[in-house]
Amino acid sequence: MGWILKQLKKEAWNPYVAGAIFGVVVGLAPVLTGNLMGSSGSFLNLAGLIEQAIAPKLADNMFFKYIWKLGVNWQLILLAGVFAGAMVSSLLSGTFRFSHATSQWQEIFGPARWKRWALAFCAGIIVQYGASMAGGCTSGLAISGTMLLAPAGLIFTAGLFGSGILTTLILYRGRY
């Protein structure tokens with residue numbers, strides 16, 4: 001038990017070990033739950049549940065009646081588990097801290113908090129909108145699709161990494 005706790009307290013894990021554990025989890029998910037890994041639906045569900053609590057008449061619409069049934073589902077539980085796991089991991093490793101921006105961000109874009117919040121908010125909207133239009137998210141397609149060796153998953157993952165590298169080069173202008 002002491003060895004396991006020592007491993008959990010590490011600030012960073014060996015990427016091969018973490019990848020192998022993640023591969024086992026992704027492989028067992030369909031066997032144990034009957035669902036492939038994916039998380040975009042959890043944000044849609046969470047937003048709908050919040051909307052239902054704050055403005056029930058707005059949530060009483062065609063989308064939530066016929067397309068997306070609101071309620072606690074496996075994706076919402078996955079989202080809560082990811083959040084809780086990250087929180088416990090950062091607390092155990094002693095790396096938990098509140099921060100609005102990293103030094104790398106501040107060096108490139110300046111210290112303005114509004115700029116980081118605005119970019120994060122707009123990017124989140126764009127990503128969620130795209131995931132909703134596509135009927136899934138990057139984790140669903142890249143992780144589960146690649147695990148199944150689906151051509152769409154392999155092509156998407158290559159495009160994901162390529163566009164990520166290109167975006168980083170544009171945003172950081174080759175500084176990192």
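Tutor: Helices (H or I, at least four residues) and strands (E, at least two) are DSSP runs, numbered from the N terminus. On that basis the elements of the protein chain run α-α-α-α-α-α-α-α-α-α from the N terminus on, with 10 helices and 0 strands. This is a predicted model, where local features need pLDDT of at least 70 and side-chain atom pairs count only at pLDDT 80 or more, while totals for chains, interfaces and linings use all residues. Residues are numbered from 1 along each chain as its sequence is written, and side-chain values use heavy atoms, with hydrogens and water left out.

Student: What makes Met-1 count as exposed?

Tutor: Buried means under 20% relative accessible area, exposed over 50%, and partly exposed in between (1.4 Å probe, protein chains only). Met-1 has 82% relative accessibility, so it counts as exposed. Met-1 sits in the segment before α1. Across the 176 residues of the protein chain, 17% count as buried.

Student: What makes the group with Met-1, Trp-3 and Ile-4 a nonpolar patch?

Tutor: Patches take residues with over 30% relative accessible area and no salt bridge; like charges are joined within 9 Å, and nonpolar side chains (Val, Leu, Ile, Met, Phe, Trp, Tyr) within 5 Å. The members include Met-1, Trp-3, Ile-4, Trp-13 and Val-88, and the patch has about 1,100 Å² of accessible area together. Elements giving two or more residues to the nonpolar patch are α1 (2-8), α2 (15-33) and α6 (74-93). The largest share, 4 residues, is from α1. Areas come from the Shrake-Rupley method with a 1.4 Å probe, and for residues only the protein chains shown count as cover.

Student: Why is the Lys-65 and Asp-60 pair called a salt bridge?

Tutor: The rule asks for a side-chain nitrogen of Lys or Arg within 4 Å of a carboxyl oxygen of Asp or Glu. Between Lys-65 and Asp-60 the closest N and O atoms are 3.3 Å apart, and the pair forms a salt bridge. The count by this rule comes to 1 salt bridge. Lys-65 has a relative accessible area of 39%, so it is partly exposed. Asp-60, at 49%, therefore counts as partly exposed too.

Student: How do you know that the span of α10 is close to what is expected?

Tutor: The expected span is 1.5 Å times one less than the number of residues. Helix α10 (residues 151-172) has 22 residues and reaches 31 Å from its first C-alpha to its last, close to the expected 32 Å.

Student: Which residues of α10 are buried, and what covers them?

Tutor: Gly-153, Thr-157 and Tyr-172 are buried in α10. They cover an arc of only 45 degrees around the axis (taken from the directions from the helix axis to the C-beta atoms), so they lie on the same side of α10. Their cover includes α7 (103-109) and α9 (138-147). Exposed residues on the other side of α10 are Pro-151, Ile-155, Ala-158, Leu-166 and Ile-170.

Student: What makes the phi of Leu-149 worth a mention?

Tutor: Most residues other than glycine have a negative phi. Leu-149 is not a glycine, but has a positive phi of about 60 degrees. Leu-149 lies in the loop between α9 and α10, and its 61% relative accessibility is why it counts as exposed. Arg-173, which follows α10, also has a positive phi, near 50 degrees.

Notes: Contact = heavy atoms within 4.5 Å.
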